[in-house]
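Reader: I would like to go through this model with you and ask what stands behind each label. Could you take me through it?
Author: Gladly; here it is.

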Amino acid sequence: MNPSNLQIREFLPDDVTEILRLHRNFLDYFEEFEVSEEFILNISQRDDFKFFIATIDRKLIGFVGTLFYGSIGRAEIGPIAVDNRHKNNGVGTILMKHVLNFLKQQGIHRVIVRVKSMNNPGLNFFENLGFEEEGYFQNYTKKGEDVIQMVRFL
Ligand SMILES: CC(C)(COP(=O)(O)OP(=O)(O)OC[C@H]1O[C@@H](n2cnc3c(N)ncnc32)[C@H](O)[C@@H]1OP(=O)(O)O)[C@@H](O)C(=O)NCCC(=O)NCCS
């Protein structure tokens with residue numbers, strides 16, 4: 001489904017509070033380091049990082065970030081999150097299609113994402129988007145969790 005009032009747009013500095021709120025809801029799925037407003041604002045200003053924001057009725061309900069290196073053609077997805085109230089409704093897929101399209105335009109041919117091995121919904125989500133497992137990294141996070149690296153070629 002594609003909610004008719006769903007919009008994907010670029011990041012605005014005012015998005016920081018909502019991004020932090022969503023990020024804190026899903027701490028188990030991300031790396032455990034303290035993400036601050038300053039950190040988000042800093043990465044949003046980098047030339048090699050891009051956030052896309054999903055809104056419904058102008059309210060932020062999801063986001064995706066990507067770190068990309070146009071000169072060498074490689075990129076990494078993350079973080080990505082969709083508000084629990086809007087999950088399983090196609091929003092994450094729309095965000096991903098948008099960011100993959102953006103990356104293709106930047107000359108990126110290889111996109112990776114690292115997902116914790118216990119995050120089955122996350123792994124299925126990327127598999128449905130054409131990502132394939134290419135590496136299993138043991139004891140990868142500070143807490144000692146295993147992480148699966150997935151790849152998709154554009
Ligand atoms: C992973 C995540 C971003 C997916 O967002 P989402 O908006 O729920 O994604 P979608 O709705 O596009 O797809 C999710 C599933 O719903 C299904 N779906 C999509 N539209 C649907 C609809 N209208 N009705 C029923 N199911 C639907 C998809 O087929 C998909 O199935 P899958 O579980 O087999 O992959 C979200 O679950 C999330 O925020 N997770 C926590 C953070 C996280 O794990 N991030 C990734 C690790 S880096």
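Reader: Which strands does H3 lie across, and at about what angle does H3 run to E3?
Author: H3 lies across E1, E2, E3, E4 and E5, and runs at about 30° to E3. Angles run from 0 to 180 degrees between N-to-C directions, with axes as lines fitted to C-alpha atoms, for helices over the stretch in contact. H and E labels are DSSP runs numbered from the N terminus: helices (H or I) have at least four residues, strands (E) at least two. Before we go on, note that this is a predicted model, where local features need pLDDT of at least 70, side-chain atom pairs count only at pLDDT 80 or more, and totals for chains, interfaces and linings use all residues. Residues are numbered from 1 along each chain as its sequence is written.

Reader: And what does H4 touch?
Author: H4 packs on the sheet, touching E5 and E7, and its direction makes about 160° with that of E5.

Reader: How do you know that E2 and E3 pair?
Author: Two strands pair if DSSP finds at least two bridges between them. E2 and E3 have eight bridges, in the antiparallel sense, so they count as paired.

Reader: What makes E1 and E6 edge strands?
Author: The open sheet has seven strands in the order E1-E2-E3-E4-E5-E7-E6, with mixed pairing. E1 (6-10) and E6 each have a single partner strand, so one side of each is left without a neighbour in the sheet. On average, neighbouring strands of this sheet are turned by 25° against each other, direction ignored.

Reader: What makes Asn139 exposed?
Author: Asn139 has 10 other C-beta atoms within 10 Å, so it is exposed too. The phi of Asn139 is near 50°, again positive in a residue other than glycine.

Reader: What is called the peptide bond from Gly78 to Pro79, cis or trans?
Author: That bond is cis, with omega near 0°. Pro79 is found in E4 (residues 74-82).

Technical notes: Buried ≥ 20, exposed ≤ 12 C-beta atoms within 10 Å, placed from the backbone. Contact = placed C-beta atoms within 7 Å.
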